[in-house]
Amino acid sequence: MASANPANNPKNVGIIMDGNGRWAKQNSLITNRGHEKGVAVVKEVVKEAVRQKLQSLTLYAFSTENWSRPKKEISGIKRLIIEAIHEQVPELAEQKVKLNFFGDIETFGKKVHTSILEAERDTSFIKPALNLNIALGYGGRSDIINGIRTIVDEAKKTKKDLQIDETSFFNYLSAPINDLDVLIRTGGDHRISNFLLYHIAYTELIFVDKLWPDFSSNDFQDCLNSFKKRKRRFGKRV
Ligand code: IPE
Ligand code: IPE
Ligand code: MG
């Protein structure tokens, strides 16, 4: 077995937190109990991310496609976001975790939007221990299209050629990160489901069978350790 190289510590980690619905079903509970348990897991994983000194943790909480779910589930999720913010922000602030939500947040309504803005304000540290980014109402494709629209508008207004390259294009996307080092997906499926399409060009992908509500900080550590053992070549002959 290859040994871990400390130089390979991940900095920017993403997670597709999947499996809440199946977990609820397995435990004869309604779907939203699964989402509730999922929020409790987020709390533990964030603590571990701070312990591991990650720069950022970017979580996929709700996709643009998730709007097609039952109304009851969506209203439960909205309630849960407000409750989770209310309960967890003081503890996050104590840990110096800077919250940043991205995606079509206004679509969640005024109450959710206001809670989010307050949470971001209450955790706006200049030197945070961790940047915790939450994707809500996010879709990778629409993010890229919106970025292109902004560029076209700017070009029309300034009537100049804008210098766009692979790195500067990140500035036109809504996620407050550039390249992700590692992306973890729980729940046993091996797909991206329209998450950070532009950011994962050279990301290491880790798929975990466990459902998100069963995922523990030990499982998270295992994922980070398995990343450290990977050899990244970026297309080079090494
Ligand atoms: C992920 O869990 C959370 C959201 C998409 C909001 P799911 O609710 O998709 O769980 P499964 O995949 O149905 O088990
Ligand atoms: C991905 O899970 C979205 C989130 C975890 C927020 P989904 O359950 O929506 O993805 P699919 O439908 O299995 O691709
Ligand atoms: Mg799912």
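I began with D18, which I found in the loop between strand 1 (12–16) and helix 1; helices (H or I, at least four residues) and strands (E, at least two) are DSSP runs, numbered from the N terminus. I note that this is a predicted model, where local features need pLDDT of at least 70, side-chain atom pairs count only at pLDDT 80 or more, and totals for chains, interfaces and linings use all residues.

Next I checked the UniProt record, an unreviewed entry, which places the feature "binding site" at D18 and E204. From this set, the lining of the largest pocket takes in D18; a pocket here is an open set of points on a 1 Å grid over the protein atoms alone, where a 1.4 Å probe fits, with protein on both sides within 12 Å along at least five of seven lines, and lining residues have an atom within 4 Å of a point.

I then listed the surroundings of ligand 1 (a heavy atom within 4 Å), and they include M17, D18, H35, A61, N66 and R69. Helix 1 (residues 20–26) gives the largest share of this shell, 3 residues.

Last, I looked up the backbone contacts, and an oxygen atom of ligand 1 is 2.7 Å from a polar backbone atom of R22, while a backbone N or O atom of G21 lies 2.9 Å from an oxygen atom of ligand 1.

Note on methods:
Residues are numbered from 1 along each chain as its sequence is written. Chains are lettered from A and ligands numbered from 1 in the order in which they are written. Side-chain values use heavy atoms; hydrogens and water are left out. A polar contact is a pair of N or O atoms within 3.5 Å; within protein, one must be able to donate a hydrogen and the other to accept it, and residues adjacent in sequence count only if both atoms are side-chain atoms. UniProt positions are given in the numbering used here, feature names are shortened, and annotations may be inferred rather than shown by experiment.
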